[in-house]
Amino acid sequence: MVSLGNISTPATIFPTCYAAAAARSSKHQCRASIAARDELLGLISDDERGLRSQKDKRRKERILRAFEALAAESASSDGITTDSRLSGTWRMLWTTEKEQLFIVDKAPLFGTRAGDILQVIDVGENRLNNVITFPPSGAFVVASTMEVVSDKRVEFQFTGALLRSDTWSFPVPPFGKGWFESVYLDEHIRLAKDIRGDFLVVERAPYDWIDEADFWSLR
């Protein structure tokens, strides 16, 4: 399930960083970021989106140390993660969120499986969708309005939810609000923490998730 796309060499991972790194200190920072990033991605690559570390305390601790190390690299730069780069379709690689991991783990009991789990963000339109897909055509979609409140933090308010397949849909009333902070952001991945203390690693998906007209009519 975990796909790292065409991530390959330091030059393709951090082209902007390498282009600007004429000074030795900048080059050192780039290398440190790449090393921290590679360590984290390596640790989560076989973690089944968080299922294995959920049951293995030591494994989880190693991943969280790598998570914090990469977040620290972001803090040493300008640290802004809520600009237009935040917009896009982000696919979950790893999380500590129990509800999402429960769905990933238990979906086969209901005759299906969890496909891609997405955050779809549009900073300009103040819109956030959380999407859990159930191939080939099912999805659970939670819509939110959002507001950028700092260089890292986004606050959101749920406005509607819909469980659907290609032949039926079931709306769910809005519920709750919260915030998340993107503590690291580059061309390919993003790290976030949220109001409940959960951790999230996402990659920029190789496709755009398209809003459905029947869903947005719930707003």
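Val-123 counts as buried, at 17% relative accessibility. In this predicted model, the residue lies in the loop that joins β2 to β3 (127–134). Its surroundings were examined by contacts, leaving aside residues up to four places away in sequence. On that basis, Val-123 touches Thr-82, Asp-83, Leu-86 and Ser-87, and it also touches Met-146 and Val-148. Because the limit for a buried residue is a relative accessible area under 20%, the value of 17% places Val-123 in the buried class.

Strand β1 covers residues 88–95, and eight of its eight residues are buried. This strand is thus described as mostly covered. Strand β2, residues 117–122, pairs with β1 in the antiparallel sense, over four bridges. Within this pairing, Arg-91 has Leu-118 of β2 as its bridge partner. β1 also pairs with strand β9, residues 199–204, again in the antiparallel sense, here over five bridges. In β9, the residue opposite Trp-90 is Arg-204.

Trp-168 is located in the loop between β5 (153–164) and β6 (169–172). Its relative accessible area is 46%, so Trp-168 is classed as partly exposed. Together with Leu-163 and Phe-170, Trp-168 makes a nonpolar surface patch of about 320 Å².

For the protein as a whole, seven helices and nine strands were assigned. The protein has 219 residues, of which 44% count as buried. Its accessible surface comes to about 11400 Å², and carbon and sulfur atoms account for 55% of this area. Among the contacts with a separation of 6 or more, 58% are between residues 24 or more positions apart.

Key. Residues are numbered from 1 along each chain as its sequence is written. This is a predicted model: local features need pLDDT of at least 70, side-chain atom pairs count only at pLDDT 80 or more; totals for chains, interfaces and linings use all residues. Side-chain values use heavy atoms; hydrogens and water are left out. Helices (H or I, at least four residues) and strands (E, at least two) are DSSP runs, numbered from the N terminus. Buried means under 20% relative accessible area, exposed over 50%, partly exposed in between (1.4 Å probe, protein chains only). Contact means heavy atoms within 4.5 Å. Accessible areas come from the Shrake-Rupley method with a 1.4 Å probe; for residues, only the protein chains shown count as cover. Two strands pair if DSSP finds at least two bridges between them. Patches are made of residues with over 30% relative accessible area and no salt bridge: like charges are joined within 9 Å, nonpolar side chains (Val, Leu, Ile, Met, Phe, Trp, Tyr) within 5 Å. A salt bridge is a side-chain nitrogen of Lys or Arg within 4 Å of a carboxyl oxygen of Asp or Glu.
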